[in-house]
Each structure stands twice: as structure tokens, then as C-alpha cells.
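Open your viewer and keep the selection tool handy. Shall we walk through the model one stop at a time?

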Amino acid sequence: MDKLILGRYIPGDSFVHRLDPRTKLMASFYYIAIIFLANNWQSYLLMFAATMGMILLSRVRIGFFLRGVRPMIWLILFTVALQIFFTKGGAVYWSFGWLAITQYGLTNGAFIFMRFVLIIFVSTLLTLTTQPLSLADAVESLLKPLRKVKVPVTELALVLQIALRFVPTLMDQTTKIMNAQRARGVDFGTGNLFQQMKAVVPLLIPLFVDSFTIAEDLATAMDARGYQGGDNRTKFRILQYHAKDLYAALGMGVLTVVLVFLRQ
Amino acid sequence: MDITFDHVSFTYQAGTPFAGDGLKDVSTTIRDGSYTAIIGHTGSGKSTLLQHLNALLKPTAGTVTIGDFKITNETSNKHLKPLRQKVGMVFQFAESQLFEQTVAKDIAFGPQNFGVPEADALALAAEMVTQVGLPKGVLDQSPFDLSGGQMRRVAIAGVLAMQPEVLVLDEPTAGLDPAGRQEMMTMFKRLHDEHGLTIVLVTHQMDDVADYADHVLVMEHGALVRQGSPREIFADPDWLVQKQLGLPKTTRFAQRLRQKGFTFSPMPLTVAELADQLLPQIGGQPHG
């Protein structure tokens, strides 16, 4: 759990760090969407260069991003292998029964690999440079139009913010309870499936009980501080677009035009 | 069972961008049968040190020797179970480790993990519940129906039921009322005196250090900055204040008396010592 990079924030003061979180969130989604437009090596090269450019702008070390890919590497390799072995067409380089490595298979495999890596890089970039709470603010702000169709956006945002706030707390609590139960002779992660599932009970029950206690205390404290819910509350953190955000949007636009031009 | 730290260092999340210091080159010995207190301000590495005492954490560098066990960076988790039984750990806010349907089952959980048959473990539970000062009636209750203080006692009983040789306590009385604190501390003292248990106590209560401990380790920024008897540690009040640590109430009071012309040698640590030294100076008769 400690090794997971995705979803962590690294404080910094770069161009990317100072962008409005809404811009970053929308740009990430947009970028991930247009990655699927790339369909030849020129367009993939362009996307790769653009990603590296964004990483440079964020001034976060590239090592962090490679680490972000690591937990997914087996899934990626598995998918790439499936592509390589099961795509038919083009020159055949090697075959064995119904397995064959073909030209199309290899290109497809390489493209899938690039797609995975770039998507992970971009989402890692988003979470590494954006504080979880401003991300939640961004989600709230972007979902605002849904209020018209009776979606309780404020409540959803509150739940999201509280959830994000308590992720580290609950992680700490998990480690603590695990250690306490280990000290009482529980072996986590050993034995057969049934034994392993049984070992989780002394961890899960205290965690749930703790969550209930935290929820109750938090609700009481919020009540005591006059929280009544609803849309009519003022905000402390107010999101504002700046010139930077415009540049980022322009960058995305230019990228799309070049990408469409390059693709076949 | 001596516990020896030989140049132990520990880094959290070693090899990641989030690596943080835990311990820096700690060397010390916790003697068999001693009552050791570990003090230091928040974040000084006390709890990290504690988790090395039963190999929940393994040193990044150096060796921890616990009885016959040598724990280094390479030690595998496979054969540590007997060690866990010998070193009982009471974590901060230990009540959050309860999970069984009844108090009896929860207390019996530890011993059963170490191979004690269920019937014997339940008998142990009944014994331990009185040991920690709870009525036998709670045995069949759900632990979640109890008060916070009682839950803490059940958790401690659950650790004692493993019949450890070393009892490690991380602020066992935090959040308890004064009577509960007093009772708990007396119970630990009794276990130490009567059953020869080695006790390692992390605390911010300097009074407890002065009253109970016979050895004190002072931690700061992950390093062991001083160790010695409580008298040696508390003999240097300026240094302690500088390290953001306090003095026992008694010693503080004696210092103020000294400014008014009283003399103390050595500085009293407990109320009884203070009274003994004060009596002749105000012309009273020693009692008893």
C-alpha cells in the first residue's frame, strides 16, 4: 500500500501545479480521450512527446511516473501479449498451431503498450500535482450543471471531500490494527485462501466499528458547528481561471489539430 | 530475556520518494526484568522503536536481538510467531483492536493463535478479566457494549492472556480518568514485581516515569539522546526542558523549595522521597 504512487500528491510550484484543478481534470480526461485517436507511429510519437512535455512542465521527477506504472505492469504485459499472439494479418514472423506473431500483432501490441503507459502517466501527473481536496472542488464545480436535473451535487461533493480526507486516516488505522493483531498472533497473507479470509475478520470488524465511531463523531461536530447542508453555503476556496488555464486549453487544441493531421 | 539494539536504523518506505526517518543508529539494552520508560516528544521515534521489540518492523540497518532471536533486515516473517508470544504489545488506544462477539472470545483469541486449546484459552480469559479489574459478568458481553475504559482493559487482558515475558505499553493510560490511570499503572507494577515481567513503557507522564521506571531512554528525532536511571535523567532539568520534556511534579516542587532555601540530595522523584527529605528540614519527626 505504501508503494502506490497513483493518488498521491507531491507539493510543488510549477506551471502544472498552479493550473486551476478544473483545467487539469478536464485536460486529463480530454487527453486520455484523444490518445485513442492516435493510430500510427507518428501520432503516438506526438502524444509521447506531448506527455513528456507536460511532465517537464510539472518539474516532477520522471522516476515517480515509472513507479506509477509498476503496479500495473503485469496487466499491461498480459494485454500486450494477447494482442501480439491473437491479431491476424500482415507478414507472419512466427507461428505455432493457432498462435502466431504477425506484423499487425506487433504494431497493435506496441500501440496498446503506449496507450496504457501514456494514460497512466497522465493520470499520475494529475494526482501528483493536484491536492485531493482541490480535485474534489473541481469535481463539484464541474458537476454543477447537473443540479438542473436534481442531482444533489453539493452533497456528493461533501461525501467526496470527507472520503478523501479520511483515506489517510483509515489507512493509518488499518496499519495500526494490523500490527495490533499481528502482535496477537494473526498471520496476514499466509495459508490457504480460507485461512487468509479468516485472518481478515479481526482487521475488518474493528475498521468498520471505527468508521461508525468516526462518522458519528464527525456528524455531531458538524451539527455543533451549524452545518445544515444545502446549496446556500458560501465557499472558502474559490476556484478561478487564469491566463495559464487558457494557455493549457490552447495547447490541447493545437495538439488535437496536429494529431488529427498526423493520423491516417 | 534481554532485548539488545545494536546500531539500529530504520527508514520508513525505504527506497521510495516518500522515505522518512524512523530511527537513527540506536544502541541500547533493555534488561530482563527491568521497567524501562521511553520518553521523547511526539514524533521522536518512540513508537517506531517499540515496533522493533517484536519485529513488527525490521531494522533497515543494524541488529535487534530479542532473547534467542536475531532480527536483521533479512529476517523472514516465517518464524517470528514464538517471538510475538513472548513480547506482548499494548498499542495506543488498544480498544480499537477488539472484534469478537464476546469479551471472553476476544481475550482468548491471542492464546488460541499460539496454539492454546479453546477451553484453556477461555479459562485464561476468565482469569485475566479479574486481573485487569473487571467483573466476571463482562465475559459474555459484547466488547462494543462496554465503556471506553472497560474496552481498554479487555484489550490489555487480551495481551496479558498470551502470557508474555515482555510487556510493551504504548501510552496505556492515554484518555483514561485519573482513577483508571492509577489502577492500570498499579496493575502493571504488580505484574512487574510479582511475575517478573519486563515492562517497556512509552509515556508523556513524567510522574509515571519517576514512580515506576528503573531505566529511562530519551528519544529525539529518531535518535537515542540519553539513557540512564530516572534520577540521572531528571538531574538535569534544563536539558529536559530544552528537549521539550517536563519534570515530575514532585521534582518541580522540590526545585521551587530549593530556591527558598531548602536543600535536597538527591533530588526527590516521588512524593514519599520528598516527604522524607523535607521532614527533618522543617523539624518534624520521621514517621513509621
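Predicted model: local features only at pLDDT ≥ 70, side-chain atom pairs only at ≥ 80, totals over all residues.

Residues are numbered from 1 along each chain as its sequence is written, chains are lettered from A and ligands numbered from 1 in the order written, and side-chain values use heavy atoms, without hydrogens and water.

**Stop one.** Select helix H5 (residues 73-86) of chain A; helices are DSSP runs of H or I, at least four residues, and strands are runs of E, at least two, numbered from the N terminus. Its buried residues (under 20% relative accessible area, 1.4 Å probe, protein chains only) are A:Ile76, A:Val80 and A:Ile84. Look down the axis: these fall within an arc of 65° (taken from the directions from the axis to the C-beta atoms), so they line one face. On the face turned away, pick the exposed (over 50%) A:Trp74 and A:Phe78.

**Stop two.** Jump to B:Leu23, in strand E2 (residues 20-30) of chain B. B:Leu23 is buried, at 1% relative accessible area. Its contacts (heavy atoms within 4.5 Å) beyond four places in sequence include B:Phe10, B:Leu49 and B:Met219.

**Stop three.** Now select B:Phe188, which, with B:Ile107 and B:Leu167, touches the most other members of the 52-residue largest nonpolar core. Such a core is a set of buried Ala, Val, Leu, Ile, Met, Phe, Trp, Tyr and Cys residues joined through side-chain atoms within 4.5 Å. Helix H5 (residues 148-160) of chain B gives its largest share, seven residues.

Notes: Expected span 1.5 Å × (residues − 1).
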